[in-house]
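Subject: Handing over the structure

Hi,

Here is the structure I said I'd pass on. Please open it alongside this email and follow along as you read.

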Amino acid sequence: MTQAIANLELANPKALTDQEFMSLPENGNLYEYVDGELIVVANSGVEHGYLALTLGYFLTGFVRTHKLGVTCDSSTAFKMKTGNKRSPDLAFIAKERLQGLKRLPKGFFEGAPDLAVEIISPNNTFEEIHNKLVEYFENGTRLVWVILPDEECVLVYHKPKPSKLLQLEDSLDGEDVIPDFSLPLLEIFQELSF
């Protein structure tokens with residue numbers, strides 16, 4: 001769920017600078033900056049966090065082992081051409097886009113990630129997710145996975161319209177973005193068994 005942040009003491013929130021955005025209070029909130037409006041990204045609950053961390057575990061392990069690039073969590077803001085700052089639930093940046101760097105930038109990454117992952121929360125709207133996907137693809141994203149926890153499925157995008165639906169018997173495929181990465185959806189959606 002997103003909502004406009006209230007009572008933020010900025011001279012002009014419509015012209016929020018990168019420095020002002022980076023200096024927002026560390027009060028447990030995550031923020032996006034979209035079309036001149038500061039957005040608080042609400043907490044999403046245990047299931048959302050578990051799914052993000054589980055997929056992140058497998059994805060990060062594979063990416064690091066094969067030296068393909070870096071993965072980032074939902075606190076990472078990507079700066080779009082419009083000046084918007086978007087934060088997918090999980091992101092991958094290919095090593096080709098990091099050439100010449102010895103360390104990752106402390107600020108925003110210019111452009112969208114190569115892979116963006118969005119996990120649908122109960123309060124997300126179709127319009128909100130669609131607008132994010134459009135902007136991701138306009139800024140260099142090559143693959144998006146939209147995870148639908150209630151349905152235990154994943155929508156795969158190569159453009160702002162879904163390309164395919166993956167169900168429990170299927171596997172996530174990194175395609176040419178993360179070559180040879182494959183993960184059965186059962187690894188993400190497995191029932192607790194302690």
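Below is what turned up, going from the overall picture to single residues.

First, the ground rules. This is a predicted model, where local features need pLDDT of at least 70, side-chain atom pairs count only at pLDDT 80 or more, and totals for chains, interfaces and linings use all residues. Residues are numbered from 1 along each chain as its sequence is written, and side-chain values use heavy atoms, with hydrogens and water left out.

**Confidence and overall make-up**

The pLDDT is the predictor's confidence in each residue, from 0 to 100. Its mean for the protein is 86, with 80% of residues at 70 or more. Be careful with residues 1-13, where the pLDDT is below 50; beyond near neighbours in sequence, this stretch has 23 contacts in the model. A contact means heavy atoms within 4.5 Å.

The protein has 4 helices and 14 strands. These are DSSP runs numbered from the N terminus: helices are H or I with at least four residues, strands are E with at least two. Of the 194 residues, 43% are buried. Buried means under 20% relative accessible area, exposed means over 50%, and partly exposed is in between (1.4 Å probe, protein chains only). Among contacts with a separation of 6 or more, 55% are between residues 24 or more positions apart.

**The cores**

A nonpolar core is a set of buried Ala, Val, Leu, Ile, Met, Phe, Trp, Tyr and Cys residues joined through side-chain atoms within 4.5 Å. The largest one has 27 residues, and Leu55, Leu115, Trp145 and Ile178 touch the most other members. Elements giving two or more residues to this core include α2, β9 (115-119) and β10 (143-148). Helix α2 gives the largest share, 6 residues. A second, separate core of 19 residues includes Cys72, Met80, Phe137 and Val144.

Trp145 is worth a click: leaving aside neighbours within four places in sequence, its contacts include Leu55, Leu115, Val156 and Phe181.

**Aromatic rings**

There are 4 aromatic pairs. Rings of Phe, Tyr and Trp (its six-membered ring) pair if their centres lie within 6.5 Å; planes under 30 degrees apart count as stacked, over 60 as edge-to-face and the rest as tilted. Tyr57 and Phe58 pair edge-to-face, at 5.1 Å centre to centre and 75° between the planes. Tyr57 is exposed at 62% relative accessible area, while Phe58 is partly exposed at 27%.

Phe62 and Phe181 also pair edge-to-face, at 5.4 Å and 70°. Phe62 is in helix α2 (residues 46-65) and Phe181 is in the loop between β13 (171-173) and β14 (182-184), so this pair ties together parts 119 residues apart in sequence. Both Phe62 and Phe181 are buried.

**Two more stops**

Which residues does His48 touch, not counting those up to four places away in sequence? They are Asp89, Ile119 and Ser121. His48 sits in helix α2 and is buried, with a relative accessible area of 11%.

Finally, look at helix α3 (residues 126-138). Its buried residues are Glu128, Ile129, Lys132, Leu133, Glu135, Tyr136 and Phe137. Just after α3, Gly140 takes a positive phi of about 110°.
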